[in-house]
Amino acid sequence: SDESQHRAHKYTEELFGRDNVCRAGTIATVAPKTAWSYAKKYFEERGLKKHGSFIAKIAAGCQGVKRTTGQHPAGIMVVPRDMDIHYFTPIQYPADNKDASTTTTHFDYHSISSRLVKLDILGHVDPTMIRMLENLTHRDPKTIPLDDKATLSLFNSTDALGLTPQQLGTKSGTFGLPEFRTSFTRQMIDDTHPDCFSDLVRISGFSHGTDVWLGNAQDLIRQGTCTLKNAISARDDIMMYLIHHGVDALKSFKTMEGVRKGKGIKSDVVEDLKAHDVPDWYIDSCQKIKYLFPRAHATAYVMMAYRIAWCKVHYPLAYYAAYFSKRTEEFDANEIIKGQQHVERKLNELEDLADERKLDIKESDRLADYQVVYEYFLRGFTFERANLYESAAEDFIIKKNSLLMSLSSINGVSEANAKNIVAARADGKFSSIDDLKNRTGVNKTGIAALKAHGCLKGLQETNQMTLF
């Protein structure tokens, strides 16, 4: 869980010793566009007119120069007990703070990754969401069946949601489901028509690989050359397929390793594969691949996605409460509270924009959130405005047929602000807006956002009484 990542990182110090673990350092360099702007600005500030080709030449010399250092979000480098980190790299402290509890490798981790073990302790939002669903539904996620027909139907139709494809604007009901919520993966679903759990694992493999689906498996499936069930989707597919064709086990393994690293298959090996009746389309597919996902990793992701999908079908309010609490990036309570028609209009605007150009990250996140919100409205649910005394800081609260918005869902109210309000109100009601500011530390922006949402109705500005 992303909420437990820092504890997992800290635990490595107990396992290996504080002097034996370091965060993996990164070095950010000057990108081509940044280098161009540096060079251009340099000459402009000095009143010098230079030809574009000269600026480009100077900019080329600036590219790749260190701009800043940072740290890998999940990487931990482990040093053997009988060695010192300084044998491999100097170390530094985050933000030059020598009192920081962690140290970072000064050299970029790529330069030492082949000499030291690197642990990738990734924080993932799906386990966080599954835990919240467990708390809301009192259903142990490990007992959720992975062959539930209603849940599987989400990947082929919208019937389990009680909606039509025309209402929802898509053929499947996977909005908001990890691994399957983007237009890219929904197109995969439309092309492949998955009918069992293992098909979903294969789709996850396609989506996480490089040059595995587009211009490769997608074309082969559309042409009828192969099917979803025998196209290459994960590393393991290659080794097992070759072994089943009678190819030597070690050679099958080495071929898989070469393909998954983007190195393709050598000519002498190709001849051997053809001698074992491996079809040309299979070999050509291998030669195009740049990176392949491991099947176990895809399976873990899909198991989490499926458990969340099961709740979407059988415990819809719990699912939406968990989604809006843990998954949303651009949810704005002031916009959403305007109702279904307003959300539909905003959704259509974003979809039209997506047809014209590629959306930026904020626009993509907003589109994903609006899709789920619109689906939520279509299923007959409503929202209640965030309330100063009843709303939680970050989590949406289930009511009879609606969700009470969280304080942090209001655009302009930070998570820290929301937590401070919840902590302060435990000591009693706020007597005025000034009292709210003093007890919570909420700034002008936060107060304005709370006012705009209607959270401060009936609350006077100050505690001073007016005589006339």
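View 1. Tyr-42 is partly exposed, because its relative accessible area is 43%. For that label, the cut-offs are: buried is under 20% relative accessible area, exposed is over 50%, and partly exposed is in between (1.4 Å probe, protein chains only). This is a predicted model, so local features need pLDDT of at least 70, side-chain atom pairs count only at pLDDT 80 or more, and totals for chains, interfaces and linings use all residues. Residues are numbered from 1 along each chain as its sequence is written, and side-chain values use heavy atoms, with hydrogens and water left out. Tyr-42 and Phe-43 make an edge-to-face aromatic pair, 5.3 Å centre to centre with 85° between the planes. Rings of Phe, Tyr and Trp (its six-membered ring) pair if their centres lie within 6.5 Å; planes under 30 degrees apart count as stacked, over 60 as edge-to-face and the rest as tilted.

View 2. Ring pairs link both of them into a cluster, whose members include Tyr-323, Phe-324, Phe-331 and Tyr-376. The structure holds 27 aromatic pairs.

**View 3. Asp-126 meets Arg-327.** The side chains of these two join in a salt bridge, 2.5 Å from N to O. (A salt bridge is a side-chain nitrogen of Lys or Arg within 4 Å of a carboxyl oxygen of Asp or Glu.) Asp-126 lies in helix α4 (residues 125-137) and Arg-327 in the loop between α15 (316-326) and α16 (333-336), so the pair ties together parts that are 201 residues apart in sequence. Helices (H or I, at least four residues) and strands (E, at least two) are DSSP runs, numbered from the N terminus. Asp-126 is buried, with a relative accessible area of 1%, and Arg-327 is buried as well, at 13%.

**View 4. Lys-229 and Asp-199.** How far apart are the N and O here? The salt bridge between Lys-229 and Asp-199 spans 2.9 Å, N to O. Lys-229 sits in the loop between α9 (213-223) and α10 (235-244), while Asp-199 is in helix α8 (residues 197-208), 30 residues apart. Lys-229 is partly exposed, with a relative accessible area of 48%, whereas Asp-199 is buried, at 1%.

View 5. Lys-10 counts as partly exposed at 38% relative accessibility, but Glu-13 is buried, with a relative accessible area of 18%. In total, the structure holds 25 salt bridges.
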